[in-house]
Amino acid sequence: MELAKKYNPAEVEDKWYRYWLENKVFSAKPNPEKEPYCIVIPPPNVTGVLHMGHMLNNTIQDVLIRRARMQGKEACWVPGTDHASIATEAKVVRMLRERGISKHELSREEFLKYAWEWKEKYGGIILEQLKKLGASCDWDRTRFTMDDKYYKAVIRVFVDLYKKGYIYRGLRMINWDPEAKTALSNEEVIYKEEGEISKLYHVRYPLADGSGHVVIATTRPETILADTAIAVNPNDERYAALVGKQALVPFVNRPIPIIADDYVDTSFGTGCLKVTPAHDPNDYEIGLRHQLEVIDILNEDGSLNEACGVEKYVGKDRFEVRKMIAKDLEEAGLLVKVEEITNKVGRSERTGAVVEPRLSLQWFIKMKEISKRALEAVEKDEVQLVPAKFKNIYRHWMENVRDWCISRQLWWGHRIPAYYYGEGENDFVVAETIEEAVALAREKSGNPHLQASDLRQDEDVLDTWASSWLWPIAVFDGFEDEYFDKEKGKIHKEKNADLNYFYPTKVLVTAPEILFFWVARMIIAGYEYLDERPFEHVYLTGIVRDKLGRKMSKSLGNSPDPLELMAQYGADGVRVGMLFSSPAGNDLLFDEKLCEQGRNFANKIWNAFRLVKGWTVEAGAAMPARNRLATDWLRARLETVKQALDEQFAQYRLSEALMTLYKFIWDDFCSWYLEMVKPAFGQPIDAPTYEQTTAFFDEILRLLHPFMPFITEELWQHLSERRNGETICQAPYPQVQAAADTGLIEEMERMMELIAQVRNVRAERQIPNKDSLPLFIKTNRQALYERYAEIVKKMANLAEIAFGEPAEGQNAIPFVLKEDECFLVVEGSVDTEQLKADLLKELDYYRGFKQSVEKKLSNERFVQNAPAAVVEKERKKLADAEAKIAAIEESLAKLGHAIDK
RNA sequence: GGGUUCUUAGCUCAGUUGGUUCAGAGCACCUGCCUUACAAGCAGGGGGUCGCAGGUUCGAAUCCUGCAGAACCCA
């Protein structure tokens, strides 16, 4: 078998992914013999494409699930997609516009037909992309939030929560996107960090009694026409006399009261606040406190309506009116001045339109009561957030939770199951089906003749999160008739085999940005319907940023295309690159160099494999002592590595775990072990060493497989004959066998230091590596060095290791290893002055060190207060330093240097 | 404005309840090598008064206070 000099991921990745699918390696079903380990994927937008955030997030999930699978757990990773109501609808509307079709020309049914076509065309691309990454999902379980069953579940939950009294319909100040013509949740409104430059208009309002005027400041002069009061701070002496009087609204001359309210900030603008309850949330609150009239002057598209009272403004967009009104105020002599200020302007996350606070009838979920257990669960670590710092953030949000506006003025989504039978605000019923609705409506209205055709279903759909918050339950069909108890509004988990086995899931891996949107709400739903947490751990990943620390975004164009990255560096390389610098919860400053490092790592392993596979094996030969030491040592190191990995995984320190393996493979295995046992060119290797080496290789591949699934499968299959369908995905994950032989590791470390010292001397004196040199060691541990002599000779290219000192006249370069003196015999003359200088420098350092330790030990309070073990360590440090100093002094004396002690 | 978190080498980060040879890693950097697995490589090396100022302690990167700066969340 001929292996290429360089690893080529493109040749193997698709092959193995297909193999895994063909052999159903990723499918999972309840298995009482095994421990369940389930992850539900955070469903990406069905029509979205893979971005770097997905890459990170799904790499992490795949590492966790693959490791669990190898550990013999029933590993189930449930994939799926989200309908992403507003984002998808916006895309469909744009597509239609490009075809010259306006959404409003279409009926709801026609529009939805286009939307489903769009979904069929682009839906699921992202799942195919995940396969490129190696994601080991159970694809047969793929779910979509608008699948029939899922749709029914969402509607069922709406009805249930309505019955339980958690859902109400109310007039509320909501964030209105005039472009998409929909309400937005607070989370969907974004503010530019640096704010935006706005004009602050100072406007004069005459007093009704003609005794003067009052000046207010506003950034939204078009809302003047909806003013119903002017407010001042009760403590503001400047205006105390005005309170109780009336002012006249410009143009319409409506008299409005001047009131006192604590909300007013005396230092902002003029200290007089115009109050527009219909168009500002704070003003709305003030209006409630003072029973002010509410005048709504905006249409749903952001244009002004008749209520504004000025004919020429009617039908014009608010920003156009702003310009007009500024001009008109100036002409009327009411504009005092205009200044520029920076303020925060809310914009729609999806359309970018300036969000207008708007009063409207919307559907809400009361959050306070229903979220109680979800708050407790995290407080008590029943649901454990990783990293834990998010607990504080979570608590703060949950303690101040506000009612959740769940209606959206869109068509793509789950249509609200409320049916209206009359014009009154309460003339509606909520039901899962039209038949039930008719029955309920007859009852509620007292009209037994009502027909389905008399009912109008609510036009709005539900917020996407109001479907995805059911994800960990709905993917297992938990809300189906057989399992859902309509009376109690609870799920009988024990009746549903999947739910019973896989729920609660093990860990949710997601971005901190959606901690409240989604994570908190899933926890709420979990307790509401199953009285149980939906997952044990929440691993919050960082946000992927570019190397300048900016968020990756389409508009900046700073996001690399994941598929191209994988084509260039291999999926394994990219996975490694993503994980290298992403400790949990810390942002990841993505740099392509990290993927390059991942690719290089794959190549390193590939070549190590080529080396081992290229050996000819000498059957019947015994293992030489040198190799016995090397294999024992590597085994000991491997034990410490496995132990470290277990600990790192337990704490979700994936980047550390990967680095542990990276260093073990590159340094310990390749640079040290393979070099130790590698036969001379053309020579065979003894069979026991060869077998041990392949066994190590096998174990290393299994440890690495969760991180780099493709190359490990490729090499593992090459390593030995495998059965048909056999895969490393299901090979046992290496377990800690025994306590590592730390004595052996320490001994080897000493030898490695010795080898490094010799190499160092060579590098400094520019002695070619080819020249094999004799080494003398003056030590009282001769047996130890003798045992390792063969290894040291090979690794440092020494002609021999002798004990004692070189003969007079032999040129030797001295160095000190721990407390032993070493002499590397070289040809040619030696610059003794330089050697002395080097030794003196070292001596200086150790004398200083010794002094500081002595100082510590002579401090009575230290000796008394510090734990005995710490004091003991200091004593040991002192003894070691003294031995070292003695050795250095001796070397110096030999060079003819007088020591002043 | 309120809250949370953070500030350690040129860069990205570890540093576990304060206590091992005067703070570690990876990358980058410097020097020498195309040595028959790998130049996507090998060997060696330099680099930090742990944001600043106080305090507690025998002992502080680690605990406390203040200041400066950054990020995120909420308003």
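Mentor: Two strands pair if DSSP finds at least two bridges between them, and helices (H or I, at least four residues) and strands (E, at least two) are DSSP runs numbered from the N terminus. This is a predicted model, where local features need pLDDT of at least 70, side-chain atom pairs count only at pLDDT 80 or more, and totals for chains, interfaces and linings use all residues. Residues are numbered from 1 along each chain as written, chains are lettered from A and ligands numbered from 1 in written order, and side-chain values use heavy atoms, without hydrogens and water.

Trainee: Which strands are the edge strands of the open sheet with mixed pairing?

Mentor: This sheet has four strands in the order 33-32-35-34. An edge strand pairs on one side only.

Trainee: What angle does the direction of helix 22 make with that of strand 34?

Mentor: Helix 22 (residues 742–765) packs on the sheet, touching strand 32 (773–778), strand 33, strand 34 and strand 35 (contact means heavy atoms within 4.5 Å). Axes are lines fitted to C-alpha atoms, for helices over the stretch in contact, and angles run from 0 to 180 degrees between N-to-C directions. For helix 22 and strand 34, the angle is about 145°.

Trainee: At what angle to strand 33 does helix 23 run?

Mentor: Helix 23 covers residues 782–796. Helix 23 lies across strand 32, strand 33, strand 34 and strand 35, and its angle to strand 33 is about 165°.

Trainee: Why is one side of strand 17 and of strand 26 left without a neighbour in the sheet?

Mentor: These strands belong to an open sheet of three strands, ordered 17-27-26, with parallel pairing. Strand 17 (384–386) and strand 26 (505–510) stand at the edges, so the reason is that each has a single partner strand.

Trainee: Which residue stands opposite V509?

Mentor: Five bridges join strand 26 to strand 27 (residues 535–540), and the two run parallel. In strand 27, the residue opposite V509 is Y539.

Trainee: Is helix 18 roughly parallel or roughly antiparallel to helix 19?

Mentor: Helix 18 (residues 625–650) and helix 19 (residues 654–677) pack at about 175°, with axes 10 Å apart. Angles under 35 degrees count as roughly parallel, over 145 as roughly antiparallel, 65 to 115 as roughly perpendicular and the rest as oblique. Helix 18 and helix 19 are therefore roughly antiparallel.
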